[in-house]
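Please keep the sequence and the structure in view while reading.

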Amino acid sequence: MAFDGIMVAGLVSELRQTILQGRISKIAQPESDELLLTIKTSDGVRRLALSASASLPYIYLTVTNRTSPMTAPNFCMVLRKHIANGRIVDITQPGLERVIRIQVEHLDELGDLRRKHLIIELMGKYSNIIFCDDKDRIIDSIKHISAQVSSIREVLPGRAYFIPETRQKTSPLDADEASFFASVTSHPAGCGKAIFDSYTGISSQMAAEICCRASIDPDLPVSALNQDELLHLYHNFSWIMEDIKKEDFHPVMILRGNVPVDFSAIPLHQYGTGTAEAVSPDGYTAVSYTSVSAVLEEFYAKRSAYTRIRQKSADLRKIVSNLLDRSRKKLDLQEKQLKDTGKMDKYRIYGELLNTYGYQVEEGASSVTVLNYYDNQELTIPLDGTCTPLENAQKYFARYNKLKRTRDALQEQLLSTRQELDHLSSIDTALHIAESENDLMEIRAELEQSGYLKRKYTGKKQQAVKSRPLHYLSSDGFHIYVGKNNTQNDELTFKFADGGDWWFHAKGMPGSHVVVKTQGQELPDRVFEEAAQLAGYYSNGRENDKVEIDYLQRKNVKKPNGAVPGFVVYYTNYSMAVHPDISHLKKISDD
């Protein structure tokens, strides 16, 4: 997930084709580190979103408007004063740096034609949006960087603007065969790091991509390459640079399941998805887009939603994690105590043998050796010399009975602890599946009902919150539903599904209930396999190469009285092992 120089080059190419010569009609600053420019072009109105966020910096064209604060921040007011109604006359990228320079032509207070530069630096936590005059003197910036913050460059009004050269890198667009060999072979590190350290605008992921296309391990030292391998590496490097010079970009986003993991302005082979829409053996899918802005907007929207849910569920995940740790420790302790009760039969035999052979014990003896009639072996029994043989026997029987009572109690406690552990594991799985705040509220309600959380008293009657199960369409047109938490699992299995529908669940591990609606029809084999893949993916086994899935008709699934949400039993079922890949299945939105 790198907003590198190649991605910026694709974006600059797109912006030159769409907003060049357009006029800036509105300037808004919806967040402290974000801008939204409304630009009128010959093809209509465009919106350009810019962000200097340390975690997710970006710039792309969007159709989405943003609500602005009632009082515009100072930086926004400065931009409005200088370049409102200005015309964009140039958009450039210096070298292959992660920098975009937008040149705006406008009239000043005296009516004279002036040019200003809006510079967007997309450099991770060092990202910034800087506004300069025609002599590259900083007028203002969305983030002020003083000498106390950075010893390399101050970003303050009145200072000269420059791109700091913190590492000795050259532009890959100017590289030829001789300079490539000289630069790369001068680094003792792996091939990927050698390319990354030699050239601007190439991220570590893109360096790995170049090595992947050349069928070379990026961690392999450059010194280990022969001349042909080095030449092949250069050719793949130069082919990518030629595509950039020709502005031949093919934006893609890489998904794993429904979660976005990477994006690029060119196809990525390192995920095993050299072509668009292809699915790799590891479950990665490459989705192609018509524009760089489209891939960025969707990636950040999906990533933002995923990150937001992760943040909102952080407190619940911590609570469940602590509860799981406590239950595991309790289980370990109980199992150790149960193992210790294995000595009880020894004490029972000691007592019985002392009752039988007590007459052989000498007064004050500390032990006695007798014949054990259970195995016909001699056995030495330790004794308390101050007690009679009968009293020693009674002590051993007392120990036996105590351990027997402990064993019986521990067996019940172990069953309860294992059930609690299974229940908490299923809640933990549900937290990883959650897609909305309603999902989280259902999980919180389950934790409250189970006594793990105290219910918050608000003085008002709480309304039950319901979210919808996941809905997929099989390749043969059958509707498949997936419960996202234990409450949904119960609803889906025992209220929504009919007796003749088919039910799927990962064997021996927490996971979602999956139901295929048959509508009275016979299911093709492919539907069984796809439903099983969903059951495997939405379970604790989603990272496994194979997951065993149990499946049977819903009428044979039972819920014991008093069982926790999501817990069921069944005795007659079929099983199959599947690879939990669902990238080929169509997800339907029921919202």
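Does Glu-247 count as buried, exposed or partly exposed? At 43% relative accessibility, Glu-247 counts as partly exposed, where buried means under 20% relative accessible area, exposed over 50% and partly exposed in between, computed with a 1.4 Å probe on protein chains only. The model is a predicted one, in which local features need pLDDT of at least 70 and side-chain atom pairs count only at pLDDT 80 or more, whereas totals for chains, interfaces and linings use all residues. Residues are numbered from 1 along each chain as its sequence is written, and side-chain values use heavy atoms, with hydrogens and water left out.

**Loop residues**

Glu-247 is found in the loop between α6 (227-245) and β10 (252-256); helices (H or I, at least four residues) and strands (E, at least two) are DSSP runs, numbered from the N terminus. Although Glu-247 is not a glycine, its phi is positive, at about 55°. A positive phi near 55° is also found in Asn-376, a residue other than glycine, which is placed in the loop between β13 and β14 (377-382) and is exposed, with a relative accessible area of 59%. Glu-97, in the loop between β5 (87-92) and β6 (99-107), is partly exposed. Leaving aside neighbours within four places in sequence, Glu-97 is in contact (heavy atoms within 4.5 Å) with Gly-5, Val-8, Ile-163 and Thr-200. The C-alpha atoms of Glu-97 and Tyr-374 are separated by 85 Å, the two residues being 277 residues apart along the chain.

The relative accessible areas of several residues are set out here.

| Residue | Relative accessible area | Class |
|---|---|---|
| Gln-334 | 7% | buried |
| Val-368 | 9% | buried |
| Glu-97 | 23% | partly exposed |
| Asn-376 | 59% | exposed |

**Buried residues and nonpolar cores**

Gln-334 lies in helix α8 (residues 314-340) and, not counting residues up to four places away in sequence, touches Leu-410, Gln-413, Leu-414 and Thr-417. Val-368 belongs to strand β13 (residues 367-372), and under the same exclusion of residues up to four places away its contacts are Leu-354, Val-361, Leu-379, Thr-380, Ile-381 and Leu-383. Val-368 and Ile-381 are 13 residues apart in sequence, with a C-alpha to C-alpha distance of 5.4 Å.

In soluble globular proteins, nonpolar side chains tend to be buried together. A nonpolar core is here a set of buried Ala, Val, Leu, Ile, Met, Phe, Trp, Tyr and Cys residues joined through side-chain atoms within 4.5 Å. The largest such core has 83 residues, and those with the most contacts inside it are Phe-3, Leu-48, Ile-59 and Leu-296. Beyond its neighbours within four places in sequence, Leu-48 is in contact with residues including Leu-15, Ile-19, Ile-59, Tyr-60 and Ile-102.

How many cavities of 30 Å³ or more does the structure hold? There are 2 cavities of 30 Å³ or more. A cavity is a set of points, on a 1 Å grid over the protein atoms alone, where a 1.4 Å probe fits but cannot get out, and lining residues have an atom within 4 Å of a point; grid points are joined across faces, edges and corners, and a volume is the space filled by probe spheres set on the points.

The largest cavity has a volume of about 80 Å³ and is lined by 11 residues, of which Asp-4, Gln-205, Met-206, Phe-263 and Ser-264 lie nearest its centre. The elements giving two or more residues to this lining are α5 (204-213) and β11 (259-264), and the largest share, 3 residues, comes from β11.

The second largest cavity holds about 50 Å³ of space, and its lining includes Ile-433, Lys-484, Asn-485, Asn-486 and Asn-489. To this lining α10 gives the most, with 4 residues, while α10 and α12 each supply at least two.

Asn-485 also caps the N-terminal end of α12, with a side-chain oxygen 3.2 Å from the backbone nitrogen of Thr-487. The buried residues of α12 (residues 486-496) are Asn-486, Gln-488, Asn-489, Asp-490, Leu-492 and Thr-493, and what covers them includes α10 (389-433), α11 (437-449) and β16 (479-482).

How values were computed: Polar contact = N/O pair within 3.5 Å; in protein donor to acceptor, adjacent residues only side chain to side chain. 1 Å grid on protein atoms, 1.4 Å probe; cavity = no way out; pocket = protein on both sides within 12 Å on 5 of 7 lines; lining within 4 Å.
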